[in-house]
Amino acid sequence: AVSSLTSLSDDLMPYVPLFCYVITKIGAGNMNYQVMAQEIEEHTGGLSASPHLVPGQTNILGYEQGITILSHCLDRNVPYMLGLWQDLFNSPNFEDIDHLVALLKMRAQELTSQLSDNGHALAMSYASKDLTPVGRIGEQFDGISQTTFLNGLVDGEDYADVASKLAQIAVHVLDSTSIRCAVNVVPERASEMDSVLEGFLDNLPSNRFDPPGHVE
């Protein structure tokens with residue numbers, strides 16, 4: 001699935017990669033993060049989220065921006081897997097600050113380590129970031145700017161504000177009006193999966209934010 005970031009304000013954009021990193025590692029519904037991790041491991045092949053950025057095909061200044069949401073499981077576990085996503089969409093728990101801080105520091109360390117491994121490529125990306133919108137956003141999401149940003153959050157220690165920003169992102173992207181889905185399934189199960197997916201989308205929150213203005 002891909003969820004649009006069209007309605008997201010500019011001040012929240014730098015937090016999007018961190019949001020993607022933590023959203024499947026936190027608790028949701030009536031489960032803490034430990035129970036959620038166990039349920040994901042037992043019933044699925046994994047849940048993941050990542051920034052989605054695709055250049056326009058006919059316009060160098062155009063692009064599609066969002067969050068890609070992926071998961072897979074055995075056919076019999078599809079309803080349960082979608083139930084886990086439903087919990088994460090409807091009631092993600094960003095209130096466990098200690099766990100959130102641990103994830104933030106872990107991600108900041110991972111990106112800092114990449115500087116020594118991929119320093120030349122990251123430097124080239126940073127130097128060319130202002131040539132196109134895709135280059136600018138891509139560098140913000142996965143370059144030196146993101147590493148600097150996360151380390152600044154760690155040093156700033158205003159972790160309650162970080163949690164608040166992630167919760168605000170959730171309101172915009174974990175919303176049925178912002179998402180489009182695709183399912184890979186054997187042909188004989190296609191009709192059944194359509195019904196299951198429709199039920200999943202019907203139970204997601206919708207229109208939790210003010211409609212965005214016109215965006216070019």
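Trainee: By class, what lines the largest pocket?
Mentor: The lining has 18 nonpolar residues, three polar and one charged. Ala, Val, Leu, Ile, Met, Phe, Trp, Tyr, Cys and Pro count as nonpolar, Asp, Glu, Lys and Arg as charged, and the others, Gly among them, as polar. This is a predicted model, where local features need pLDDT of at least 70, side-chain atom pairs count only at pLDDT 80 or more, and totals for chains, interfaces and linings use all residues. Residues are numbered from 1 along each chain as its sequence is written, and side-chain values use heavy atoms, leaving out hydrogens and water.

Trainee: Which residues lie nearest the centre of that pocket?
Mentor: Ser71, Met81, Ala182, Val183 and Asn184, out of 22 lining residues. A pocket is an open set of points on a 1 Å grid over the protein atoms alone, with protein on both sides within 12 Å along at least five of seven lines; a cavity is a set where a 1.4 Å probe fits but cannot get out; lining residues have an atom within 4 Å of a point.

Trainee: How much space lies in the largest pocket?
Mentor: About 530 Å³. Volume is the space filled by probe spheres set on the points, with points joined across faces, edges and corners.

Trainee: Which elements supply at least two residues each to its lining?
Mentor: β3 (63–71), α3 (78–90) and α9 (190–202) do. The largest share is from α3, with five residues. Helices (H or I, at least four residues) and strands (E, at least two) are DSSP runs, numbered from the N terminus.

Trainee: Left-handed or right-handed crossing?
Mentor: Right-handed for α3 and α9. The near helix is then turned clockwise from the far one by less than a right angle; anticlockwise is left-handed.

Trainee: Which residues meet there?
Mentor: From α3, Val78, Leu82, Trp85 and Gln86; from α9, Met193, Val196 and Phe200. That contact (heavy atoms within 4.5 Å) has six nonpolar residues, one polar and no charged.

Trainee: At what angle do α2 and α3 cross?
Mentor: Roughly 155 degrees, and the axes of α2 (residues 33–43) and α3 come within 10 Å. That makes α2 roughly antiparallel to α3. The crossing is left-handed. Met36, Glu39, Ile40 and His43 of α2 touch Tyr80, Leu84, Asp87 and Leu88 of α3. The classes are five nonpolar, one polar and two charged.

Trainee: Last pair. How do α1 and α8 pack?
Mentor: At about 85 degrees, axes 10 Å apart, with α8 spanning residues 159–173. They are therefore roughly perpendicular.

Trainee: Which residues meet in that pair?
Mentor: Val16, Leu18, Phe19 and Val22 in α1 meet Val162, Leu166, Ile169, Ala170 and Val173 in α8. By class, that is nine nonpolar, no polar and no charged. Phe19 and Val173 also line the largest cavity.

How values were computed:
Axes are lines fitted to C-alpha atoms, for helices over the stretch in contact, and angles run from 0 to 180 degrees between N-to-C directions. Angles under 35 degrees count as roughly parallel, over 145 as roughly antiparallel, 65 to 115 as roughly perpendicular and the rest as oblique.
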